Amino acid sequence: VQLQAYGGGLVQSGGSLRLACAASGRSFSKNTMGWFRQAPGKEREFVASMSWGGWGGVHTYYAASVKGRFTISRDNAKNTMYLQMNDLKPEDTAVYYCAADPFISDIASAQDPRKYDSWGQGTQVTVSS
């Protein structure tokens, strides 16, 4: 599946942004989708994921640092995934990537960037203090 992330930008601390990830190619609806981010000089880290429901229902997971502030969602009819980011903090500044994989079926894999086979190009999010 081909992915394209967009929606990043510059926002003040406490503000909100909504990222989107448009998918094309193989069936979007049967992929676990994830958001990851990478700040300068740091490794790519897990932000949030959502399964497609093939393994016991739709499951969402969040990194502890964003839980309660970020919400992942998907619209299978539009082949699009979203990340609503509220109460943004300067430490949220990073390039955000969306990812997809049709075979992820457990929590650990959903949080591991090495398990995803498709990636979007990334969109920059900058939060000023």
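**The disulfide**

The link between cysteine 21 and cysteine 98 is right-handed, with 70 degrees about the S-S bond. Their sulfur atoms are 2.2 Å apart; a disulfide here is a pair of cysteine sulfur atoms within 2.5 Å. Cysteine 21 sits in strand β3, residues 17-24, and cysteine 98 in strand β9, residues 94-101, so the pair ties together parts 77 residues apart in sequence. A search of the whole structure finds 1 disulfide.

Before I go on: this is a predicted model, where local features need pLDDT of at least 70 and side-chain atom pairs count only at pLDDT 80 or more, while totals for chains, interfaces and linings use all residues. Residues are numbered from 1 along each chain as its sequence is written, and side-chain values use heavy atoms, with hydrogens and water left out.

Are the two cysteines buried or exposed? Cysteine 21 is buried at 0% relative accessible area, and cysteine 98 is buried at 0% as well. Buried means under 20% relative accessible area, with a 1.4 Å probe and protein chains only. Buried residues make up 44% of the 129 in the protein.

Now the fold. The protein has 1 helix and 11 strands, taken as DSSP runs numbered from the N terminus: H or I of at least four residues for helices, E of at least two for strands. From the N terminus the order is β-β-β-β-β-β-β-β-β-α-β-β.

Last, the C-alpha atoms fill a box of roughly 40 × 25 × 25 Å along the principal axes.

Definitions and conventions: Buried means under 20% relative accessible area, exposed over 50%, partly exposed in between (1.4 Å probe, protein chains only).
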